[in-house]
Structure formats: C-alpha cells, structure tokens
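Reader: Could you walk me through this one, taking your time over the terms?
Author: Gladly; here it is.

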Amino acid sequence: MPATPTHVPEPSRTDPALIRNFCIIAHIDHGKSTLADRMLQITGVVDPRQMRAQYLDRMDIERERGITIKSQAVRLPWAPRTGAGTGTTHILNMIDTPGHVDFTYEVSRSLAACEGTILVVDAAQGIEAQTLANLYLALENDLTIIPVLNKIDLPAAQPEKYAAEIAHIIGCDPESVLKVSAKTGLGVEELLDHVVENIPAPVGVKDAPARAMIFDSVYDTYRGVVTYVRVVDGQLNKRERIAMMSTGATHELLEIGVISPEPKVSEGLGVGEVGYIITGVKDVRQSKVGDTITSMVKGATVALGGYKDPRPMVFSGLYPLDGSDYPLLRDALDKLRLNDAALVYEPETSVALGFGYRCGFLGLLHLEIIRERLEREFKLDLISTAPNVVYRVVMEDGTEHTVTNPSEFPTGKIAEVHEPVVRGTILAPNEFVGAIMELCQARRGNLQGMDYLSEDRVELRYTLPLAEIVFDFFDQLKSKTRGYASLDYEPIGEQSAQLVKVDILLHGDAVDAFSAIVHKDKAYNYGVMMAGKLQKLIPRQQFEVPIQAAIGSRVIARETVRAIRKDVLAKCYGGDISRKRKLLEKQKEGKKRMKMVGRVEVPQEAFIAALSTDDEAPKDAKK
Ligand SMILES: Nc1nc2c(ncn2[C@@H]2O[C@H](COP(=O)(O)OP(=O)(O)OP(=O)(O)O)[C@@H](O)[C@H]2O)c(=O)[nH]1
C-alpha cells in the first residue's frame, strides 16, 4: 500500500490542473459503496482501525438496507505511480451516488459536478437497466467514462463476457475495461492511477466572479443545512456574504471546508474544488440543489445551467393508526422535509381513516423510505392508502383539474383525462422475453424496441403508463423472471387515456379511501375485487348492507352483508349481572375502534386489511 502523501494542498490554493472530480455510477448492489470504501482506505484518509463497511452511508436506514440514498462527496489525495503525473499528489474529489430509479435526480446532480465517471458493472451479472440509465446520463453530461468490472474475485465472475458487453455499449476496446475487486482491493490502485491519467482536470476562470453549483443539501440537527458545492469559477472565501442566484437571498458563510472523509474547515474553495458550506439556514429549500451560489459583492450575473426540479410522481395518504398521533405525524413530516426537498404533503381527512396527510414522493422506494423513517425514528404506526399518480382532467368547458387524489376527480362533463407515461427499459435473459411482453401488454405497455446485448441477454424498451408500474409491476417482473430482470424508467410526458373513477359504496355512502382512478377496462375487476374483499371484512349489522362499486351513478358490482343482531348477552342466561356488565363494557371498548360510514359501523382493521395490497384473501377482520 502506498504511503500517505506528505503534502496535501489547502483547498483554496490547489492548482486546478491537479484536481480530478469524478463519481461512481452503477446498478444497485454492483459495489459502488464498497469501491468507495476501498478508495478511502487505499488513499489513507481513513485510519484502518476506524474503517467500517459503507463508510459514506451515514443514515441508519442506508446502512441497514445496504443502499445509498444521499450523495456524498469526499476529497482524496493520490500520487499516481504511473503516467504523466507520477509522484505528484493530486486531489481526487469522489462523489458516491445512489443507484435506485427514484433517486436518478440525485445522480444527475452529482454528474453535473464532475468531469468523469467510473462505471461499475458486476462481473457476475453484467450490465443492468440502471447501468444503462446512468451511462446515458453520463454521456448527456459529456463525462469521460472509465468502465470497470467489479467483483472479479467471485467464482461466478465472467469478466471476458461482460467486458465485451460493455465494450459493445460504449464503443471501446474490451481490453480497456479495468477489472477490480472492491472487496479485496485488487486493481483499485491501478484504477486511481487511471482516474488521474484519463479524467480531465476542471477548467474554470480563477479571476472571474465566483460561481458554485449546489449538488446536495443536507439537514444536520446541530449545524443546520450543510450544502455541498462544486466551485466552477472564482473562489468562495470564509466569512464572505454569498447570494443564491435563483432567489437573490443572501447569507453569511459561517463555515467552509472539505470532507476528507470527516469535515475539515478551510480558508475557502478555489476553481474546480468540491466541498461544503454552512450558512445557518434551517431548511434545505433555502439552499436548493441545482442553484448557483455567487459572492454578494461583485457577483456573477449568469447562473450555471442544468437544473432539474424534483417533482413528486406518486401520491399516497398517510394516516396514524391512533388518531391522537396526528400532531406527532405533522411534526415528523416537518422535520423530514428539512432534509428532503422532494417530499411534499398537505393535510387531508378521510371518513374511513380520520385525519392524515396526502404526501407526494419521487417513487415507491421514496415512499417506503419516508414511511419507514416515520415509523422508526418517530415511533408512529401508520396506514398508507394505495399510491396513485397525478392526472390532468380537462372538462368539456375547457377548465382543467390536477388530480393527485381520487377524491378530487371532478364529477361534471369530462372531455379528456391525461396520465403520466414513462419510458421503461427492461434487461433480462432471452428466455423471459415472452413473460415480460405478456406482463407489459397487460399493463397497457407499447413495445418501442428490442436489442440483444449479447447472445443470451436482451433489452426491451416500452412506453408504459406510470400508474401501471407504481403498484406491483417490479415485484411481478421479478417473479416472472426469477429475479433476473432489471427495470429502469424515466418520465417522458403524458397521454390521454380512458380513465374512470370507481367508488366503493357501503349502504349507499362512498368510502373515500377505496375510490380509485383506473382504466375503463379494469374498472369492473377492481370493483368486484374490492366489493368481495369488503364483504368478507365487514361485520354483520342489524340491517342488510349492500356493498357496491360504481362509476358515477352506474353500479358495476355488488355484494351484500346479511343482517344480524349481535347480542352479546345471548349466551348469558339469567343470573350474574356483573358478568353481563363486563360483556357490555367489552363491547363498548370494541366500538371505540369502529368508524361510522353513514349508518354502517366498520372496524378500522377492516379498512386496513382491505387497503393491504396482498393478492391473497384478506384476513378475516370480523370480531
Ligand atoms: N465478492 C465481492 N463482493 C462485493 C464486491 N464489491 C461489493 N461486493 C458486495 O456486493 C454487495 C453490494 O455492494 P455495495 O457496495 O453496497 O453496492 P452499491 O452499488 O453501493 O449499492 P447501492 O448503494 O445500494 O446502490 C455487498 O454485499 C458487497 O459486500 C467485490 O469486489 N467482491
């Protein structure tokens, strides 16, 4: 292992020619974080005794799930052992990026801060859907790409086969694909040499007014918002006043520095440097990812481009199981939002579920993570309604409605309903093509093209309605392909479709939590399924309860819960009054957890069971 370089220049005075900014992109689990760990160790910035796996993943949930959610940037000194820069300490700014589709937004920000990227591919699995998606993003950003096969220590590794696959896709020589093991460290030093040799140094104008791009913003309980920036031109200095170019808001720079891999305060940041700033703002929205920072005095006038606002794609209602937790839920969401510019929410009430919040997420994983954090970090028990996408409804009189919740679906004369569409890329072994096509067909997909990556692996491109994939598409895809298929999707716009709102009525009253916007051809199935589920779950009442599924006033399915008088005293013949009283008390307790829908009493468990997405028959919630 090389000795730690003796002299590491101060970030405000580093010669840009000695800086290399790069990121690591890969499909999920192909080993980015492990490779980052190895680089921290080999460059000597982490003491071997303090090394732990996934060093840069700081959130508990990241470490437990083994996934990266927030990007991280770390400064590594490296003196290459070969090539033109041999022996000179260079500064490598490495940005570890998340790999899941929901966080493509974070990846695109990180890419904009780099000149090059390491494209990591698992040598036992080959190229997967997100490898391609990330590669295309990197190509769009004109980045120099260093292809690397990882996990060559695995017995199942097939480096030759997959080197050919990579070479075919990016148009390089298979021999030039580096082969490493992030786990053992094999080949990682050569990779670092390669980074210095092949990734261009940043170019920027040293004497120009400062311009720095924000590529990440993180809320820290003790220090407020920590903003990660890449300086493009000029210099940011300690204690100067800076301005956010999108809003004009100004702040004092309280602290500036680099991460290596713990924060290190510096005098400032010069051209090409990557580091962090702290200004005392309390909310990541005041320090928006993609915004340009400049000096307040003699600042730049033209902002850096390439900024994409995160837009929620999936909405779902979150309700506390215990209604008295509602204020806790509000506080918890307020706290999470400080750190997550993509999370939106507003209060909502439901007949079935009480008070809750309608929340918008980037995708299903984002939803799951927020939900899990609310339950774990804030000890909340939650129920979430079926996720739905954003529809645009155009009425015959020309007015438009944006619908993020089936209950907002307008009732008048509707001319057209538009739904979001995505371009989906699916990679899988040949043998599953039939099964995948069948699934996509059933989800209203349109085949756009098909390519063979190698003789036994194929790439299928589909346009699909987002609503059809947010639910359980990925699970279905995995089960139909024995886990071999990978999926990536990106929004490409909207299409008009024959969508209707199906209401579920209990004794003539609609139950808001079960209304859904579905395609006309699937409305009947949805209606029958929900009415059937509820019929099993709703306890008998003293009168007959019809359960109907309806589109507007047209009933499309019906089930009936027969009448019964539930007399808890029926079995208590004569005698003991205290026993009777006990039974009546018990019945009263049970009623507290009942919700009234019109005249019908429904146990909350019934709603929860009916909202669960398992295909299996719902558990009987009758008491
Ligand atoms: N055998 C072997 N296993 C590896 C190697 N590199 C990574 N792994 C394992 O592969 C799994 C995934 O590695 P990560 O580094 O977490 O993958 P990642 O790409 O960062 O995943 P995300 O952060 O979720 O996108 C872990 O169990 C690692 O231990 C390697 O070179 N050899």
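**Helix 1 and beyond**

Reader: Which residues of helix 1 are buried?
Author: In helix 1, the buried residues are Lys-32, Ser-33, Leu-35, Ala-36, Asp-37, Arg-38, Met-39, Leu-40 and Ile-42, where buried means under 20% relative accessible area, exposed over 50% and partly exposed in between, with a 1.4 Å probe and protein chains only. The model is predicted, so local features need pLDDT of at least 70 and side-chain atom pairs pLDDT 80 or more, while totals for chains, interfaces and linings use all residues. Residues are numbered from 1 along each chain as its sequence is written, and side-chain values use heavy atoms, leaving out hydrogens and water.

Reader: What does that say about helix 1 as a whole?
Author: Nine of the 11 residues of helix 1 (residues 32-42) are buried, so helix 1 is largely enclosed by the rest of the structure. Helices (H or I, at least four residues) and strands (E, at least two) are DSSP runs, numbered from the N terminus.

Reader: And what follows helix 1?
Author: Gly-44 follows, with a positive phi near 80°.

Reader: Switching to sheets, in what order do the four strands come?
Author: The order is 18-19-17-20 in an open sheet with antiparallel pairing, and two strands pair if DSSP finds at least two bridges between them. Strand 18 (344-350) and strand 20 (382-384) are the edge strands, each pairing on one side only.

Reader: How many bridges join strand 17 to strand 20?
Author: Three bridges join strand 17 (residues 314-320) to strand 20, and Leu-318 stands opposite Ser-384 in strand 20.
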